[in-house]
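Hello,

Here is the structure I promised to hand over. Please open it first, then read my notes below.

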Amino acid sequence: MTEKLQDIAQAMVAPGKGILAADESSGTIKKRFDSIGVTSTDEVRRDYREMLFRATDAMKSCISGVILYDETIRQKAKDGTTLVDVMKAAGAIPGIKVDTGAKPLAGPTAKIETVTEGLDGLRERLAEYHALGARFAKWRAVITIADGVPTWNCLKANAHALARYAALCQEAGIVPIVEPEVLMDGPHSAHDIDECYRVTEWTLRTVFRELYDARVSLEGMVLKPNMIIAGQKSARQSSAEEVAEKTIRCLKATVPASVPGIAFLSGGQSDELATRHLSLMNAAGNLPWALTFSYGRALQAAALKAWGGKPENVAAGQRAFAHRARMNGLAALGKWNAGLEKAA
Ligand code: 13P
């Protein structure tokens, strides 16, 4: 097999394409389904995700890869085809979430800070996921901003785990998505944009130092960071231009040019703002890496609502998903504008 990590990573951030994060754990997808009054069963989860993956035109033109949850990578579509084959037929690379979640970090900040777990047995799990078709993986570390938080202990523990995960992925022929998320939502989100900048810079510097120590090949990874943005509870919200400018500045100061691409999480931004921010950054140009999306909520929220769990709404759900995929595909080229939203 001649699949090179670098080629997979390049394909994940191909021009005008981004990643669909559909790797919600059973607990998280239940919350999403609760919001539309739908009971979460394995069959309904399958139907919902099959709806997205069969939006073939949008998948083909705008989605380079899909991050799956363990259940989904093993599931079959209604007609018996594996969901992995459904997305591959639509030109998307299968990916897999491999962390087992963010757990309280023992110590004085255990009520606020977490460390992401999942390293035990990971080598064996990666071999199985590779056999099931996965060519990239995801591990999400969560960093919270609060009084005296993050602590150095939390940053160090999470960055070290990310580097150990990334090295194991590369050993298995799988491209690691390295995701250190500085939260913008939740109970601790009163910080302003400059505090987000300071903590994100510190986080990324720590992560790249650990990746270096673990001898992770930067050419064979994709970074999935937060944008530099005020917390949802902050009284001082920033303009889209300020978010774009500070995000680029922070990333240029911390992310080596040998990383092929950066794919943002949406983190609680509205659908349209997540698109607008990405487009502004790409329109600014002169970037050393590809900048694209790896959105969960900002790609799926409209589709989830339009579908509402009803088989007769599948086409409407696919239309809503296709629209957001197209808008973000344009944003990845710096070619989105608000008028295109209205024209849909
Ligand atoms: P959001 O875009 O909803 O933040 O999710 C992306 C993701 O994969 C978080 O790990």
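**What I found**

The buried residues of α8 pack against α1 (5-12), β5 (114-116), α7 (122-131), β6 (136-143), β7 (175-182) and α9 (193-213). Buried means under 20% relative accessible area, exposed over 50%, and partly exposed in between (1.4 Å probe, protein chains only). Helices (H or I, at least four residues) and strands (E, at least two) are DSSP runs, numbered from the N terminus.

A word on the source. This is a predicted model, where local features need pLDDT of at least 70 and side-chain atom pairs count only at pLDDT 80 or more, while totals for chains, interfaces and linings use all residues. Residues are numbered from 1 along each chain as its sequence is written, and side-chain values use heavy atoms, with hydrogens and water left out.

Back to α8. Among its buried residues are Cys 154, Leu 155, Asn 158, Tyr 165 and Gln 170. The helix covers residues 152-171, and its 20 residues should span 28 Å at 1.5 Å a residue. The expected span is 1.5 Å times one less than the number of residues. The end C-alpha atoms of α8 are 29 Å apart, which agrees. Gly 173 follows α8 and has a positive phi, near 80°.

Next, α11 (residues 271-284) and α10 (residues 240-254). Their axes come within 9 Å and cross at roughly 60°. That makes α10 oblique to α11. Axes are lines fitted to C-alpha atoms, for helices over the stretch in contact, and angles run from 0 to 180 degrees between N-to-C directions. Angles under 35 degrees count as roughly parallel, over 145 as roughly antiparallel, 65 to 115 as roughly perpendicular and the rest as oblique. On the α10 side, the contact (heavy atoms within 4.5 Å) is made by Ala 240, Glu 241, Val 243, Ala 244, Thr 247 and Ile 248. On the α11 side, Arg 276, His 277, Leu 280, Met 281 and Ala 284 take part.

α11 also meets α13 (residues 314-331). Here the axes come within 8 Å and cross at roughly 20°. So α11 is roughly parallel to α13. From α11, the contact uses Asp 271, Glu 272, Thr 275, Leu 278, Ser 279 and Asn 282. From α13, it uses Arg 324, Met 327, Asn 328 and Ala 331.

Last, Ala 338. This residue is found in α14 (residues 338-343). At 25% relative accessibility, Ala 338 counts as partly exposed. Leaving aside neighbours within four places in sequence, Ala 338 is in contact with Glu 272 and Arg 276.

Best wishes
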